[in-house]
Amino acid sequence: MSTAHVQKLDRVVIRFAGDSGDGMQLTGDRFTSDTAAHGNDLSTLPNFPAEIRAPQGTLPGVSSFQLHFADHAVLTPGDAPDVLVAMNPAALKANLRDVPRGATILINTDEFTKRNLSKVGWDSNPLDDGSLESWHVHPLPLTSITVEALAESTTLTRKEKERAKNMFALGLLSWMYSRPIDATKAFLESKFGSKPAILAANITALEAGWNYGETTEDFSVRYEVAPAAMPAGTYRNTTGNQALALGLVAAAHRAERPLVLGSYPITPASDILHELSRHKRFGITTIQAEDEIAGVGIALGASYGGAIGVTTTSGPGVALKAETIGLAVSLELPLVIVDVQRGGPATGLPTKTEQADLLQALYGRNGESPVPVIAPRSPADCFDAALEAVRIATTYRTPVFLLSDGYLANGSEPWRVPTVTGLPDLRVENATSPNGEDGKGNPVFLPYKRDPQTLARPWAVPGTAGLEHRIGGIEKADQTGNISYDPDNHEFMVHTRQAKVDGIANTIDHLEVDDPTGDAKVLVLGWGSTYGPVAAAVRTVRNTGAAVAHAHLRHLNPFPANTGDVLAQYERILVPEMNLGQLAFILRGKYLADVRSFTRVRGLPFTTIELADKIGHLIEEITK
Amino acid sequence: MSIDLGLPHVGHSGIAGVPELPDDADRQTKRDFTSDQEVRWCPGCGDYAILAAVQGFLPELGLKRENITFISGIGCSSRFPYYLNTYGMHSIHGRAPAIATGLATSRPDLSVWVVTGDGDALSIGGNHLIHAMRRNVNMTILLFNNRIYGLTKGQYSPTSAPGTVTKSSPYGSVDSVFNPVSLALGAEASFVARTMDSDRKHLTAVLKAAAEHRGTALVEIYQNCPIFNDGAFELIKDVDQQQARLVHLKHGEAVTTGNDDAQQVLVRNETGGVSFVPAGEADASRVVTHDVTLDDPSQAFAISRLDGPDMTHVPMGVFRAVERPSYDDLVRSQVLAAVQNAGGPASDDDVSALLRGKDTWQVG
């Protein structure tokens, strides 16, 4: 029995890395669930190639999952791992540069064969040549120990036994960080219930991993990370895609309307289609369309019929949907377009994150075609963003862009589950009766007669007697909606559509600035998924005694009404973005503000360190 | 008065579930379906005749007018919804079937019609057209085929005969053509028919059969464009010639053409295809009896291939009308079953349970 010393830590970053087929995402997911159940705050970053099974043992085939957990509020998945689990040479090589010297590396030595080493261009074995001396390395023959632990199974082939090695690693890590494994056992039972031999092998491997830590002398220290202090409530762990799907279900429930999703499979958005497809019980209809254009067309057709029409996609899909979104602008019908952004252009980096679709969402259509744009700031925030997108779409009868991204989509964090009755009331009325008179005083329906407050036109759905009318993508006469080529009418309608979208600013919160000392001269302004890294960097900078203000935009169109005033208050404004400065470009144009852009496009979130450095330099610059 | 297409009784009508006019309501007339908008097609356009036929036919359905919706794409024909006093949407080029799929699937109480043209449906919107037919969404697609792009002022279309000289093909078009009926049959369409703008009775009979059909009904309507492709169908409109060329399909009967003196009858030939032979020379065992209900579309396809750019033999009528579950019915029944099995529409508690999921923990 091990007499491992228990050491308390306030935070840990673990990265599991292996071949695409090694089950690293599953291992990470399970460790995350157990960590969440333990009460730590956490944030995760899955990172995997677009290829389902790239050639085994090669660098392109490496898949990893990083988890940051702590006894305090966690804002990012962590810059650098404290522990790397490397299942093969490729995983070690691909990840080593991120691992600080002195950190712990668990290595599956079974895979360090001459052949596998040469696949990644290593002539000598780093386990023997001293090149890993500055790290704390635990060499473990994970594959063979797992196979040995499963020696009694006569039904499984050696290959099948080897595949359980990820569970062995999970068991060992769970022991190291004092995580319970019961929930993972229950999970395995539900996953492999119909395959008893595979189930038994996975559970045996999981327990063997735990027992290995417990009984061998290899590990002298066990760690404990105490639960984080979080607001009281019921919590669950969620990814951004899942929260977004649940937000759409909740929005439809609160709107008391059916929801119709028209969607074409695309990474990294498909999980929303998958999730919503399961929720027919909630009146959700999902239609897997023949292409991206049909996906949005189906959603628009459903909206025309009175449902909440939603389409989910990524950047390449948005490009194809552009014309239909323009039609929705012209028809003035509700529509929610979820763009889970990924690296571009073209196919780009399907599984990696980026924020480079902002300008596409804002301007990627012909004509003056204003569309409200909102962006969630964290995986759990995707839930609230979905409700807000539906609110704007149905209240203003307009398409709305919801810009998530690959990091939010697949990353996860604990989410305090809201009370359904406390969610916004999203009910809006359909038109039921004529709203005007013709020249002779007879009641008529005017499809483009607007609500004076919102400038929204009536939502008059087919099946409503007396309101039969025709709408279309050709310019419409004010009020009647009849085809009109009149120059003054077109100018009026262009301005009116813009004014309607601008007016949404009346119903959104002012931009709030976090400036605890009130004397900061530098403002960091972010949007979307950069919230976590920016907040973490701001915290780091403040810990050095410097003052820095932080604000975050949820609404990218229209901006909160006080945005210009906020920008005017600071000597330096830093806008970090995972693009080449798209928000900064707009802020400069709209507010003539001297915004400094800080950009990275590596397919990965910002690190806290690089952001903190940048903020530090700006503060230095003006205090000189 | 009306033409008998000989179609078998339909089990589940295409307009089942769409609210009907109450018995004591005034009879609808063509005027009820005429909007206040001035019709802006060119003088002599075949679209006028089709519009009049549709406006005249819709009252026959006996449906509440507000439950009828026409969705169109872009092109001359796609202006159609503006002239009908129903709900209507003039959408974007080629996308009407997709938009109609969303509407039809979410609203079983609507009679959904798509109006499109040969460019709209077969070129830019080809993908949506074939997938609507494959899925068998309950809608009627009226494909006005004038074999030319009219609204863009006369370029060749996917149905323009090879060699057609237009502004974009001054040396003659080298494109091969789509036969819309063959295409529809290949795309698993459950109802496929062809008719002509100038034959009001036939057009009305086909519209009626199409509306009765549950699932996607594709109706190709030959339509003359007097400006850019005048006389495209003259060979089959000309009274002297049409009798020898038109093949009026009637379910349950032999497929014939020609007048009484020179009647020809369709027979299966040895290579698996079909061809016309003089009636007196036909081997009775090889004579093709038209059957719209055949699950195997091969015979309908063979008949569709009689047609070619030279219009020697042009089949008119219903090629295929088979019963197949419609997509929207299937989608709705899955949702309905899920709701019913869960004890009815979701309550706040049900949504709460969904949000919580299986793995929660308490803080505080």
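Across the interface of chain A and chain B in this predicted model, 27 residue pairs are in polar contact, both residues of each pair being at pLDDT 80 or more. On the chain A side, the elements that each supply at least two residues touching chain B include helix H1 (24-38), strand E9 (233-239), helix H9 (240-255) and strand E11 (284-288). Helix H11 (292-304), helix H12 (315-331), strand E16 (412-416) and strand E19 (470-472) of chain A are also among them. H11(A) gives the most to this side, with seven residues.

| Class | Residues on the side of chain A that touches chain B |
|---|---|
| Nonpolar | 37 residues |
| Polar | 21 residues |

The contact takes 66 residues from chain A and 60 residues from chain B. Between them the two chains bury about 5300 Å², and 62% of this area lies on carbon and sulfur atoms. In chain A, the residues that lose the most area to chain B are A:Arg281, A:Glu290 and A:Arg470, which together account for 15% of what that side buries.

A:Arg470 also takes part in strand pairing: its bridge partner in E2(B) is B:Gly88. E19(A) and strand E2 (residues 87-90) of chain B run parallel and are joined by three bridges.

Salt bridges between chain A and chain B number three. One salt bridge is formed by B:Arg65 with A:Glu468, where the closest N and O atoms are 3.6 Å apart.

Key:
Residues are numbered from 1 along each chain as its sequence is written. Chains are lettered from A and ligands numbered from 1 in the order in which they are written. This is a predicted model: local features need pLDDT of at least 70, side-chain atom pairs count only at pLDDT 80 or more; totals for chains, interfaces and linings use all residues. Side-chain values use heavy atoms; hydrogens and water are left out. Contact means heavy atoms within 4.5 Å. Buried area is the accessible area (1.4 Å probe) that two parts lose on being put together, summed over both. A salt bridge is a side-chain nitrogen of Lys or Arg within 4 Å of a carboxyl oxygen of Asp or Glu. A polar contact is a pair of N or O atoms within 3.5 Å; within protein, one must be able to donate a hydrogen and the other to accept it, and residues adjacent in sequence count only if both atoms are side-chain atoms. Helices (H or I, at least four residues) and strands (E, at least two) are DSSP runs, numbered from the N terminus. Ala, Val, Leu, Ile, Met, Phe, Trp, Tyr, Cys and Pro count as nonpolar, Asp, Glu, Lys and Arg as charged, and the others, Gly among them, as polar. Two strands pair if DSSP finds at least two bridges between them.
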